[in-house]
Amino acid sequence: MACTHTDVAPTPTVPPAPAATVSFLSLGDSYTIGEGVAEQARWSVQLAQQLRQHGTNVAAPDLIARTGWTTQDLQRAMAASDNRRTYGLVSLLIGVNDQYQGERAADYRPRLRELLQTATRFAGGSPGRVVVLSIPDWGHTPYAQGRNRVQIGQEIDQFNEVARQECQQAGIAFVDITGLTRAATNDASQFAPDGLHYSGLQMAKWAEATLPVVQKLVSTNAK
């Protein structure tokens, strides 16, 4: 008996669905806006680039930030923005101007706590989508020459300890970049032309320090 041959159509290959783009909101002051440097040098823009290089599809960050803003200024600006979006990732770097203007760490605490709550709302109510960076120590900048650098450092440490405690209480990731800014002392390449703010080289270090923390946050919230 002759054998019959039946052609079987190959199963079509279905391409994998593209990974969803993670939206990103970056909140803060001059350190977030990148005073004195190009847009691509901003730390949060560099973070988004690094995440994409490591396979996480992250959008360029929306920014609510301005040079000179205190915690209260940022809170008012967020309310005035009427931004009702929710984001897959929210970063916060704020407080240096509170310290610079002579505020106490005790006054910083309730204002930061309120900002953490607002940032969490922007993150769809998920504290696991929020990351806070510590305050850089501007006492180690060329601008601070002739000032009491020891006192500035002590006050920055007090503010950062408040931030660490409040983030732990709220279940929010905290990344300490202050040591990186202190290590930049006497290296002109780490500073913007004004001698007070930081160059893209320094802010790249902040992004690198934040990268593994954010990778974990994004991966956990994608499950």
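On a 1 Å grid laid over the protein atoms alone, a pocket is an open set of points with protein on both sides within 12 Å along at least five of seven lines, and its lining residues have an atom within 4 Å of a point. With that in hand, the second largest pocket is lined by S30, Y31, T67, G68, V96, N97, Y100, W138, Y143, L196 and H197. Two elements give two or more residues to this lining, helix 1 (30–33) and helix 4 (96–100). Helix 4 gives the most, with three residues. Helices here are DSSP runs of H or I with at least four residues, strands are runs of E with at least two, and both are numbered from the N terminus.

A word on the model itself. It is a predicted one, in which local features need pLDDT of at least 70 and side-chain atom pairs count only at pLDDT 80 or more, while totals for chains, interfaces and linings use all residues. Residues are numbered from 1 along each chain as its sequence is written, and side-chain values use heavy atoms, with hydrogens and water left out.

Back to the second largest pocket, which has a volume of about 150 Å³. A volume is the space filled by probe spheres set on the grid points, and the points are joined across faces, edges and corners. Sorted by class, the lining of this pocket has six nonpolar, five polar and no charged residues. For that sorting, Ala, Val, Leu, Ile, Met, Phe, Trp, Tyr, Cys and Pro count as nonpolar, Asp, Glu, Lys and Arg as charged, and the others, Gly among them, as polar.

Helix 1 and helix 8 (200–222) are the elements that give two or more residues to it. By class, the lining of the largest cavity has four nonpolar, three polar and one charged residues.

Next comes the nonpolar core, a set of buried Ala, Val, Leu, Ile, Met, Phe, Trp, Tyr and Cys residues joined through side-chain atoms within 4.5 Å. Buried means under 20% relative accessible area, exposed means over 50%, and partly exposed is in between (1.4 Å probe, protein chains only). In soluble globular proteins, nonpolar side chains tend to be buried together. The largest core here has 59 residues, and L27, L74, V90, L92 and W206 touch the most other members. Neighbours within four places in sequence aside, L92 is in contact (heavy atoms within 4.5 Å) with L27, L74, L112, L115, L116, V131, V132 and L133.

T70, in the loop between strand 2 and helix 3, counts as buried at 8% relative accessibility. Not counting residues up to four places away in sequence, T70 touches I94, N97, D98 and Q101. Just after helix 3, D82 takes a positive phi of about 55 degrees, and D82 is a residue other than glycine. D82 lies in the loop between helix 3 and strand 3 and counts as partly exposed at 49% relative accessibility.

Another positive phi, of about 70 degrees, belongs to N186, again not a glycine. N186 is in the loop between helix 7 (178–183) and helix 8, and is exposed, with a relative accessible area of 80%.

Helix 2 (residues 43–53) is mostly covered, with eight of its eleven residues buried. Just after helix 2, G55 has a positive phi of about 95 degrees.

How values were computed: 1 Å grid on protein atoms, 1.4 Å probe; cavity = no way out; pocket = protein on both sides within 12 Å on 5 of 7 lines; lining within 4 Å.
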